[in-house]
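Here are some notes on the model you sent.

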Amino acid sequence: MKLPIKLLLLFFAALLLSCGGKEEKKDDKIKLSSTKKEVQKEPEKSGSASDEVPASERITLDNKGVGEVKDLPLDPEINQEMAARGAEIFKTNCTACHKTDKRFIGPSPKGIMERRSPEWIMNMILDPQLMVEQDRCAKDLLVEFNGAAMANQSMTFEQARDILEYFRTL
Amino acid sequence: MKKIKYLFGSLVALAVMLAGCNQGTNSGNGALSSSAAEKVYVAPGEQDEFYAFLSGGYSGNLTVYGLPSGRMFKEIPVFSQFPTSGYGYSEETKPMLNTSHGFIPWDDLHHPDISQTNGELDGRWIFVNGNNTPRIARVSLKTFETEEIIEIPNSAGNHSSAFITENTEYVIAGTRFSVPVPQRDMSIKEYKGNFKGALSFISVDPENGRMDLKFQVMMPGFNYDLSHPGRGESHGWHFFSTYNTEEANSLMEVNSSQNDKDFIAAINWKKIEEYVNNGGGTKMATNYAHNVYDEHTHTGTSTMKNEVLTVDPTKVPDAVFFLPTPKSPHGCDVDPSGEYIIGAGKLSADLTIHSFTKMLDAIANKKFDGEAYGIPILQYEDVMAGVVKSGGLGPLHTEFDGKGNAYTTFFISSEVVKWELGTWEVIDRKPTYYSVGHLMIPGGNSRKPFGKYVVAMNKITKDRYLPTGPEMEHSAQIYDISGDKMQLIYDFPTHGEPHYAAGCPAELLASNSQKIYRLDENKHPYAVTNPSEARVERDGNVVHIYMSTIRSHFTPDNIEGIKVGDKVYFHITNHEQDFDVPHGFSMIGQNTSEILIMPGQTKTSLWEPKKVGVWPFYCTDFCSALHQEMQGYVRVSPASSNIELSWSLGED
């Protein structure tokens, strides 16, 4: 007869516990040890060198990407008129996923000129689907960003060029 | 000898049998059915040769098919609410279904007709009629969306509609049921001599297609069943079949079939147009809705009109005549040259063909057989060009192949009969399955038909497909008509009840078909053109949520401060600018349908929350690999709550 009483007590204890939080606190009830290990992840020798650095941090300035833009020399001077137009186009067509101050659905364009070639950026804006299919870096970015495929916003060459000029100002 | 005779007899019998078998293999199943399969086979990834627009009848909508494959591409909502896209449910499209009787969620869509220039299909718009609460709609063949609906006053059972003249000057709509004009409280038994049949001429703006009810010809109280425009030499005339010239008001089945001949009414609309332009006609007070959808604001607006110009046909000299036509004619079709007007006497076996030239001659020589309510009746023999003695029963509709042949459906004998214009000889006949109504040859109602296929639209399906309970979709058959003999090549189910259809070559429309709405052309008053404009505003108990979407999130996706009893409008702008990436929206417990928002478009969905809680919404169209993540929450607090409005995306 002792056992049932113990069980009953336990039951009440559980009930009290579950009722306890009137304040609906934000508390992670799921804890995985693997999430902690991320920091101490050792580079695996089996993968290619590019696997070690996340695609968003990789520097691929020699890669022009795949698409219609093959060679795009930039004027040393930033064209402010183009950049201003580009900022507007970016605001309307891109800010749903890209923020200049942080990583969002996709990477931030801040500092992109130090990582990617102008041609790569243009090709990515103009035909993201082709890039994801055929460009290694674009493909890795898709994986890194959770499979959120970049939308083709049907930009003209000029519009994409204005956006690129805007990126130079960031 | 007896034995020899017997043997000889057997040999003859065997020979006959062999010959029979031989014939069987020549014209029969094996070789031909494989060639039929080749004719309709459109390989994966390839596209059809023709568009076909089949009316949906009591579905109220228009369906788009490919020929020769018989594959259905789309259902275009016109007169009926359509939860698939939210048409008639979204705030923007509700006005499209407004009428003088208030909001009507449905109609009976009968006859599509593609716009023409110089008598040839030009592929700009397709016009259709709503039969029950008389309306005409214009559907854009660029967006494949309903852009305009105009109600027709003084009309009832809007059936001899919507047929367009050869330069799309007018879309013409005739009443099937005559009614008191203006409507009033009177005895039904006083029908005869008192009811009127209104034939409406709706002008079409050549630039934007906008419709305007220019005038109505107030005809005697007959039933105006079907109609077609003149073309070529007869351009400027329009022909209507009539029945119930008895003017019976009850047991019509018997009482409307007493006269041996009814009429085809020939209307010289150019003369009436001139009369009206010179100040003729009488303005009459009335009430009807005119609903226009603006492609840039993505919004329909309904305007009530209160006047119509009516014309007494007896006041316009030489404008209206009656051509006696046997046996309650149904179909009234005009051949590509415009010379022949074919009346299909549905209670007879024969077709009556009138000659336009003979008609003009009879008018010039005043060969009248009498008059009906002051309208001259021409002598039957003087206008009749020929009779097709078909041997079939119950002729209904005729289309043309542009090579001198006509194809007529016979409802009672379930067949399509091919005959030759001019000689009136029957060339071929093929059964349909079953009880065929209309038929359609692409361009078959124009100066330039594309006579490769004819589609027969049947009223009865029975054993054609696997049974699906008592109700089955109507069957259609495709025949190859490129040779001398028609060949049945395919059989496919339709949607609703197709009455008429219209078809055209694919290249006329495919390259103009719009892919997206441009975000920078979006003039919707509640649009958000960039996500930073997304916000929530309260005005009393009305809350406007300005929301944007792109693969795969809503901005904002967390909203608080909504209260029980609020009227919450979700105004959602799809920021995609890529072909075929719509997003959907639906809210739990919402008393309406979802909405489907095309790239660059804004649509509005109303939600009136009744329960406190945290309620999710989500995207209904599988949009990307992260579609399942495309969702959000709205917190609903008690009506008395003072929680401030707040909204966010991706913030802690």
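1. At roughly what angle do the axes of helix H5 and helix H8 of chain A cross? In this predicted model, the axes of H5 (residues 118–126) and H8 (residues 157–169) cross at roughly 130° and come within 10 Å. The cut-off for roughly antiparallel is over 145 degrees, and roughly perpendicular covers 65 to 115; H5(A) and H8(A) are therefore oblique to each other.

2. The handedness of the H5(A) and H8(A) crossing is right-handed. On the H5(A) side, the contact is made by A:Pro118, A:Ile121, A:Met122, A:Ile125 and A:Leu126. H8(A) contributes A:Ala160, A:Ile163, A:Leu164 and A:Phe167. Sorted by class, this contact has nine nonpolar residues, with no polar and no charged ones.

3. Chain B is divided into domain 1, residues 57–512, and domain 2, residues 519–648. Taken over C-alpha atoms, the centres of these two domains of chain B are separated by 43 Å.

4. Where the domains of chain B meet, 11 residues of domain 1 are in contact with 16 residues of domain 2. The domain 1 side of that contact has two nonpolar, seven polar and two charged residues.

5. On secondary structure, chain B has seven helices and 45 strands.

6. As for overall dimensions, the C-alpha atoms of chain B fill a box of roughly 110 × 75 × 45 Å along the principal axes.

How values were computed: Residues are numbered from 1 along each chain as its sequence is written. Chains are lettered from A and ligands numbered from 1 in the order in which they are written. This is a predicted model: local features need pLDDT of at least 70, side-chain atom pairs count only at pLDDT 80 or more; totals for chains, interfaces and linings use all residues. Axes are lines fitted to C-alpha atoms, for helices over the stretch in contact, and angles run from 0 to 180 degrees between N-to-C directions. Helices (H or I, at least four residues) and strands (E, at least two) are DSSP runs, numbered from the N terminus. Angles under 35 degrees count as roughly parallel, over 145 as roughly antiparallel, 65 to 115 as roughly perpendicular and the rest as oblique. A crossing is left-handed if the near helix is turned anticlockwise from the far one by less than a right angle, and right-handed if clockwise. Two residues are in contact if their C-beta atoms, placed from the backbone, lie within 7 Å. Ala, Val, Leu, Ile, Met, Phe, Trp, Tyr, Cys and Pro count as nonpolar, Asp, Glu, Lys and Arg as charged, and the others, Gly among them, as polar. Domain bounds come from an automatic or database domain assignment.
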